[in-house]
Amino acid sequence: MTEDPHKSEPAAAALEGPFTTRQLLRLDEAMRVADQQTGLIFSVYVGELAEPVRQTAENLHREIAGSPLAVLIAVSPNQRVLEIVTGSEARKRISDRDAKLAALSMAASFAGGDLAGGVLSGLDQLATHAGKH
């Protein structure tokens, strides 16, 4: 996204995704703020998840640098799947119950057709539960 806007491939790839440029900027800002406030690393993956989906989400989580501090929100709209994966250190601050509450809120937004709003809501809730570092 930081490449020359006159180059068509990166820009076209971004435009083909599920988010508008404005939504991508809001998501990026929300993740940055959540990272800064909590000291955790928040990531979002939107796309197909191979079966078994939980294992695939956990594998994606392990690829994040600093994975013990990482929180991954993995969403596959076409499969109607949402997974939240927390690293060993993040799990000390975000309980399974907290993650489930965030997931329920996100699912409600997704059902209403608001993918970006659901992810933003989930990021905010997870960061709030994690608290300040």
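Predicted model: local features only at pLDDT ≥ 70, side-chain atom pairs only at ≥ 80, totals over all residues.
Three strands form an open sheet in the order β1-β2-β3. Its pairing is mixed. Strands β1 (41–46) and β3 (81–86) lie at the edges, and each pairs on one side only. On average, neighbouring strands are turned by 10° against each other, with direction ignored. Strands β1 and β2 run parallel and are joined by 6 bridges. Phe42 has Val71 in β2 as its bridge partner. In general, the strands of a sheet pair through backbone hydrogen bonds, in either a parallel or an antiparallel way.

Ser43 also belongs to strand β1. Its relative accessible area is 18%; the cut-off for buried is under 20%, so Ser43 counts as buried. Beyond its neighbours within four places in sequence, Ser43 is in contact with Met31, Ile64, Val71, Leu72 and Ile73.

The nonpolar cores come next. In soluble globular proteins, nonpolar side chains tend to be buried together. The largest nonpolar core of this model has 23 residues. Leu40, Phe42, Val71, Ile84, Ile94, Leu123 and Leu126 touch the most other members. Two or more residues each come from α2 (21–38), β2 (70–76), α4 (96–111) and α5 (115–130). Helix α5 gives the largest share, 8 residues.

Leu123 shows how one member of the largest core is placed.

Helix α3 spans residues 53–62. Its residues Val53, Thr56, Ala57 and His61 are buried. Seen down the helix axis, the buried residues of α3 fall within an arc of 145°, so they line one face of the helix. The buried residues of α3 pack against β2 and β3.

Thr38 is found in helix α2. Its relative accessibility is 1%, so Thr38 counts as buried. The side chain of Thr38 reaches the backbone nitrogen of Leu40 at 3.0 Å. Not counting residues up to four places away in sequence, Thr38 touches Arg93, Ala127, Ala130, Gly131 and His133.

Lys92 sits in the loop between β3 and α4. The cut-off for exposed is over 50%. Lys92 has 63% relative accessibility and therefore counts as exposed. Its side chain makes a polar contact with the side chain of Glu89, at 3.0 Å. Lys92 and Leu69 are 23 residues apart in sequence. In space, the C-alpha atoms of Lys92 and Leu69 are 9.7 Å apart.

Conventions: Residues numbered from 1 in each chain as written. Heavy atoms only, no water. Core = buried A, V, L, I, M, F, W, Y, C linked by side-chain atoms within 4.5 Å. Buried < 20%, exposed > 50% of the residue type's maximum accessible area, 1.4 Å probe, protein only. Helix = DSSP H or I, 4+ residues; strand = E, 2+ residues; numbered from the N terminus. Polar contact = N/O pair within 3.5 Å; in protein donor to acceptor, adjacent residues only side chain to side chain. Contact = heavy atoms within 4.5 Å. Pairing = 2+ DSSP bridges. Axes fitted to C-alpha atoms, helices over the stretch in contact; angles between N-to-C directions. Arc of directions from axis to C-beta.
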